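Subject: Structure for your review

Dear colleague,

Please find below the structure that I am handing over to you.

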Amino acid sequence: MSFVFYPRLEQSCPNVSHCPHLGGAALGRLVSVANENDLYLRQLYGTIDAERKRNTELFAENQRLKSELEQVKLELKLER
């Protein structure tokens, strides 16, 4: 939701620095906050994707080690 321009308001308010339609906030500040929020969400989604990938790799390794353990147990039984 990154804004490269100021969004048009329905009321076309001339008070851009303290618009009453936006609760008295400056339109530029709202655009800045929206851009910061967009950057934060991108970083958050990137972190979540990295953790999902890591969890998938750990799960695969865990499954491999479980099957290896079962194989070793079976070989040990046969040896005895």
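Arg54 and Glu51 meet through their side chains in a salt bridge, with 3.2 Å from N to O. The model is a predicted one, and this distance was computed from it. Both residues belong to helix H1, where Arg54 and Glu51 stand three residues apart, about one turn of the helix.

How many salt bridges does the structure hold? There are four, and two others are described here.

One of them joins Arg52 to Asp49, whose closest N and O atoms are 3.8 Å apart. This pair still counts as a salt bridge because the cut-off is 4 Å. Arg52 and Asp49 are likewise in helix H1, three residues apart, which is about one turn of the helix. Arg52 is exposed, with a relative accessibility of 54%, whereas Asp49 is partly exposed at 47%.

Another salt bridge links Asp38 with Arg42, and here the closest N and O atoms lie 2.8 Å apart. Helix H1 covers residues 27-79, and Asp38 and Arg42 are four residues apart within it, so about one helical turn separates them. Is Asp38 buried or exposed? Asp38 has a relative accessible area of 15% and is therefore buried, since the limit for that class is under 20%.

Yours sincerely,
A colleague

How values were computed. Residues are numbered from 1 along each chain as its sequence is written. This is a predicted model: local features need pLDDT of at least 70, side-chain atom pairs count only at pLDDT 80 or more; totals for chains, interfaces and linings use all residues. Side-chain values use heavy atoms; hydrogens and water are left out. Helices (H or I, at least four residues) and strands (E, at least two) are DSSP runs, numbered from the N terminus. Buried means under 20% relative accessible area, exposed over 50%, partly exposed in between (1.4 Å probe, protein chains only).
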